[in-house]
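Subject: Structure for you to look at

Hi,

Here is the structure I promised to pass on. Have a look at it first, and my notes follow below.

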Number of protein chains: 2
Amino acid sequence: MVARVSQAVGAWHKRRMYKFLSGLALAALSVSPLAAEEAAKALTPGDIVDAAPAADWAPIAPSDVIVMDLAPGAGGQARRVVIQLMPAPFSQGWVANIRKLVAARWYDGIAVVRVQDNYVVQWGDPDGEDPRKAKPLPGGLGIVPESDYVVPARQFPFRVQLKSNRSTDAYAKAALAVTGWPVAFGEDGAWPIHCYGMVGVGRNLSPDTGSGAELYAVIGTPPRQIDRNIALVGRVIAGIEHLSSLPRGTGPLGFYETPAERVPILSVRMGNEVSGLPAYEYLSTESASFAAYADKRANRKDDFYIRPAGGVDICNVPVPVRVAGGGVKRVGM
Amino acid sequence: MVARVSQAVGAWHKRRMYKFLSGLALAALSVSPLAAEEAAKALTPGDIVDAAPAADWAPIAPSDVIVMDLAPGAGGQARRVVIQLMPAPFSQGWVANIRKLVAARWYDGIAVVRVQDNYVVQWGDPDGEDPRKAKPLPGGLGIVPESDYVVPARQFPFRVQLKSNRSTDAYAKAALAVTGWPVAFGEDGAWPIHCYGMVGVGRNLSPDTGSGAELYAVIGTPPRQIDRNIALVGRVIAGIEHLSSLPRGTGPLGFYETPAERVPILSVRMGNEVSGLPAYEYLSTESASFAAYADKRANRKDDFYIRPAGGVDICNVPVPVRVAGGGVKRVGM
């Protein structure tokens with residue numbers, strides 16, 4: 001007998017909203033159940049996402065993604081990674097730098113230099129720490145202050161009321177998916193969250209905040225301890241497997257020890273510069289479909305799940321992303 | 001300039017105990033600060049672990065680990081994965097089955113059949129679902145009831161008092177590392193937690209609980225929603241990179257689509273059957289060193305970390321494991 005971890009089918013149960021919302025009053029988030037709820041008998045989170053009406057999907061503009069082509073794999077296969085840049089009000093200074101670096105073709109020819117298991121894949125200029133050999137950066141890059149790791153609450157488009165107690169999130173008063181992204185809220189404002197696949201800006205010691213010339217993607221347990229300490233600028237929406245399955249580096253912090261181990265980056269382009277790029281879209285976090293999907297992530301009970309969790313961590317409610325009209329990978333796990 | 005995500009050094013700050021302990025009163029857990037605290041000026045979590053006295057380390061008996069040798073990699077390199085089995089009171093029915101399967105050499109010749117990104121690597125009999133071709137299981141395997149996913153609190157060796165409010169854990173009233181393992185506590189008892197590297201038992205639909213013939217390891221965001229729904233039987237203590245860096249399967253749920261993609265398992269042996277196996281040990285979760293390490297994971301502030309998290313998720317406090325007398329990988333990230 002080969003058992004299967006996750007071939008779950010089962011009955012739809014009407015359950016209370018997932019617990020991490022309990023600390024919040026959100027003006028814009030609908031919690032009304034899906035119209036199909038009563039009829040549905042065997043919905044998984046993935047089923048709910050697949051059944052979401054077209055109106056619940058929001059387009060991702062090609063001009064807001066960067067397309068990173070790694071050198072082909074050992075078998076000659078293409079390795080393309082697509083990253084959606086973070087919208088306002090978050091991290092816009094670094095995002096502007098990244099746009100300039102792409103325009104200058106600065107990323108072309110750099111490499112993946114670090115793969116630390118259960119932490120990050122990082123790419124940059126392998127010679128960046130040697131002033132004599134470092135690749136010159138283009139002019140016009142901004143120096144972004146540390147204060148921009150957090151957005152003052154008044155800048156945030158949603159009115160969020162914080163209770164005096166902490167929520168069930170260990171790192172913030174509340175954490176939830178809003179405006180399409182995982183966001184934490186605290187007394188000092190709002191900030192994006194280091195979930196799997198999120199992309200951030202490597203930097204040196206404080207007060208350096210990084211330019212955006214070196215980037216990393218999370219490939220393990222969400223390293224929430226670096227929230228508010230490093231800028232997040234986006235998330236991988238396609239091709240994460242080309243990063244997460246790379247051989248781990250054997251040097252300190254997972255750096256590759258020899259140049260031969262590095263993975264060359266052939267080019268990085270804005271999505272609107274790439275012909276034939278699929279049209280990506282994400283499930284609106286303000287839609288009824290998303291609320292039902294998040295609820296199912298927290299309270300699944302069916303022929304496989306015998307005991308609903310009764311709650312869910314923000315990083316276990318990834319915002320579904322798909323090629324327009326296609327299916328979503330991984331949500332149904 | 002090549003920025004670095006994690007080259008953190010900094011001053012030691014005396015801070016309150018990490019927040020996820022706040023909901024608990026633990027008879028056995030010392031929270032007294034390290035003797036070296038006042039003198040230390042630049043300790044990272046890894047530094048604290050490295051400075052832990054020998055008495056704070058507990059041996060892992062070779063008879064409590066299984067050693068899984070995969071077929072060599074493309075470059076001919078050995079790929080050995082070492083898994084520590086879970087002690088009483090958890091999951092002992094499944095652990096007993098695994099010992100029988102190892103004794104019968106049943107695992108020899110099976111394969112890694114599934115690698116789903118940000119979820120699990122799974123191994124078992126590729127023909128297990130075909131009754132005509134499935135590899136016969138040895139006699140004497142127990143059928144373990146679903147009730148054994150959770151241990152009644154009275155069986156748990158520590159007296160744990162639960163407050164009426166939930167802790168900052170989204171999945172349980174409390175979650176913390178005790179008796180060497182990540183454990184959740186709720187009204188129905190205690191249960192082990194699906195953190196990165198934890199090993200569990202694949203199964204079919206309820207009420208099947210799996211025999212232990214098919215196993216998986218977590219390689220992504222901790223899938224806490226399957227806590228109390230699937231048996232956990234251990235954790236990878238060495239060689240996780242040989243699983244986590246495997247190519248992702250392209251079939252549904254990350255199953256490999258062709259036999260050629262599968263990774264053969266040459267042999268699985270108990271640690272005491274393997275000559276030359278290193279002596280592994282873990283940092284006692286009841287030691288002062290562990291308390292200081294966990295506190296630093298929650299409240300790091302130094303030349304790199306400008307803003308302490310003020311809390312920490314249970315899966316971001318991995319129990320340090322090392323080869324006796326050697327260093328610990330990854331804790332210092």
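By what turn, and with what shift along the axis, can chain A be laid on chain B? In this predicted model, the turn is 180° and the shift is 0.0 Å, with an RMSD of 0.0 Å. That relation is the one of a two-fold axis. Both copies use the same surface, as 99% of the contact residues of chain A recur in chain B.

Now to the interface itself. Contacts link 73 residues of chain A with 75 residues of chain B. About 7,000 Å² is buried between the two chains, and carbon and sulfur atoms give 53% of that area. The rule finds 2 salt bridges across the interface of chain A and chain B. Arg307(A) forms a salt bridge with Asp188(B), where the closest N and O atoms are 3.3 Å apart. On the side of chain A that touches chain B, the classes are 31 nonpolar, 22 charged and 20 polar residues.

One residue within chain A may also interest you. Val65(A) lies in strand E3, which covers residues 65–70 of chain A. Is Val65(A) buried or exposed? Its relative accessibility is 2%, so Val65(A) counts as buried. Beyond its neighbours within four places in sequence, Val65(A) is in contact with residues including Ile60(A), Val82(A), Leu85(A), Ile237(A), Met270(A) and Leu277(A). The C-alpha atoms of Val65(A) and Tyr280(A) are 9.6 Å apart, although 215 residues separate the two along the chain.

Best wishes

Technical notes. Residues are numbered from 1 along each chain as its sequence is written. Chains are lettered from A and ligands numbered from 1 in the order in which they are written. This is a predicted model: local features need pLDDT of at least 70, side-chain atom pairs count only at pLDDT 80 or more; totals for chains, interfaces and linings use all residues. Side-chain values use heavy atoms; hydrogens and water are left out. Copies are superposed by least squares on the C-alpha atoms of residues with pLDDT of at least 70 in both. Contact means heavy atoms within 4.5 Å. Helices (H or I, at least four residues) and strands (E, at least two) are DSSP runs, numbered from the N terminus. Buried means under 20% relative accessible area, exposed over 50%, partly exposed in between (1.4 Å probe, protein chains only). Buried area is the accessible area (1.4 Å probe) that two parts lose on being put together, summed over both. A salt bridge is a side-chain nitrogen of Lys or Arg within 4 Å of a carboxyl oxygen of Asp or Glu. Ala, Val, Leu, Ile, Met, Phe, Trp, Tyr, Cys and Pro count as nonpolar, Asp, Glu, Lys and Arg as charged, and the others, Gly among them, as polar.
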